[in-house]
Amino acid sequence: MPRRVVERPLRQVGKRLLMALFVLFLTILIVWVDREGYHDNANETIDFLDASYYATVTLSTTGYGDIVPHSDSARLTNILLITPLRVIFLIILVGTTLEVLTERTREEWRLSRWRSNLRDHTVVIGFGTKGRSAVQTVQATGLKPEQIVVVDPSSKVVDAATAEGFAGVIGDATRSDVLLRAELQRARQIIIATQRDDTAVLVALTARQLNRQAKIVAAVREEENAPLLRQSGADAVITSASAAGRLLGLSVLSPSAGLVMEDLIQQGSGLDLVERPVIKAEVGRGVRETDDLVVSVVRGHRVLGYDDPAIGKLQLTDRLITIIRASPQPAPPQGR
């Protein structure tokens, strides 16, 4: 979740408790060293238990008065040492309680505010090589880092994601409570890039139950698992091993064609493969009459090739898959 790096409350309390015990032990030691200057109403001698008792009731500001400093040195020690230690002891105890409560309240407020403002975001499940590449691709289309939530079971991976500006959730994505923490029920698109195919299937099932409208894209290693993942609710399934193998084979047959394909799937440089709606000026025209190089037309739930006679004339509800030249990124302003 969006957060700054803070210590856990229990660790904070543990540290403060050790500091308080150190102050208590130091006070006992001071009283024990100067025990001749103290008077006990019960008896005249001050042993180690009496010194511990006096230090405890003094630091806690109880002050029963049964053991009191009567010599000048003991009273001076109380003024110069015991009183400052008493103040430090109270600051440690009260400060710990206030800090833990304040930090928890602040964190809950920030979390509530983050959740209330999060809408139509992208949830990336698995931030390995596939997940990182997917994030880089969607970011090339203009998606801001604060609109991306990464879910991964590894705290180190989530820390790396938050360091790049993304929100992170640590946990098993097959559990609905973990996905709810990522506000998946309000996400627009979900990318499943887990390491195991069976995990991807369970995540897709859980994600589809929580969000019926989001677009779910998943990656699998084995092609035989792709139909199962589609049945689990994924809108698109990419077989990573087969896709890499096809690109390898294409590069063997034609290295230049392999370079072009790699350029197409790498957003933001060279040629980009993009999907866009049909504009009003293009309605009623043929595929070849558009300004862009159209490779497919999406009509309803069908994807038609550019040479499919069923396309006929372009309609306003159609979407075009085109190849365009990527716009160069603007150079940062140079300081004078």
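1. Ground rules. The model is predicted: local features need pLDDT of at least 70, side-chain atom pairs count only at pLDDT 80 or more, and totals for chains, interfaces and linings use all residues. Residues are numbered from 1 along each chain as its sequence is written, and side-chain values use heavy atoms, with hydrogens and water left out.

2. Annotated segments. An unreviewed UniProt entry lists residues 16-33 and 79-101 as "transmembrane region". UniProt positions follow the numbering used here, feature names are shortened, and annotations may be inferred rather than shown by experiment. In the model, residues 16-33 are 100% helix and 0% strand. The end C-alpha atoms of that stretch are 26 Å apart. Helices (H or I, at least four residues) and strands (E, at least two) are DSSP runs, numbered from the N terminus.

3. Six strands form an open sheet in the order 5-4-3-6-7-8, with parallel pairing. Strand 5 (167-170) and strand 8 (236-239) are at the edges; each has a single partner strand, so one side of each lacks a neighbour in the sheet. Twist averages 15 degrees from one strand to the next. Strands pair if DSSP finds at least two bridges between them. Strand 3 (residues 122-125) and strand 6 (residues 189-192) run parallel and are joined by 4 bridges. Here Thr-122 stands opposite Gln-189.

4. Helices on the sheet. Helix 4 (residues 129-140) lies across strands 3, 4, 6 and 7, at about 175 degrees to strand 4. Helix 5 (residues 155-163) touches strand 4 and strand 5, and makes about 170 degrees with strand 5. Axes are lines fitted to C-alpha atoms, for helices over the stretch in contact; angles run from 0 to 180 degrees between N-to-C directions. Contact means heavy atoms within 4.5 Å.

5. Trp-32. The whole structure has 3 aromatic pairs (Phe, Tyr or Trp six-membered ring centres within 6.5 Å; planes under 30 degrees apart are stacked, over 60 edge-to-face, the rest tilted). One of them, Trp-32 with Phe-48, is edge-to-face, at 5.9 Å and 75 degrees. The pair links helix 1 (residues 9-33) to helix 2 (residues 48-59). The charged end of Arg-35 sits over the Trp-32 ring, 3.9 Å from its centre (CZ of Arg or NZ of Lys within 6 Å of the centre and within 35 degrees of the ring normal).

6. Thr-322. This residue lies in strand 12 (residues 319-325). Thr-322 is buried, at 0% relative accessible area (buried is under 20%, exposed over 50%, partly exposed in between; 1.4 Å probe, protein chains only). Its contacts include Asp-272, Arg-276 and Asp-292.

Notes: Lists of a residue's contacts leave out its neighbours within four places in sequence.
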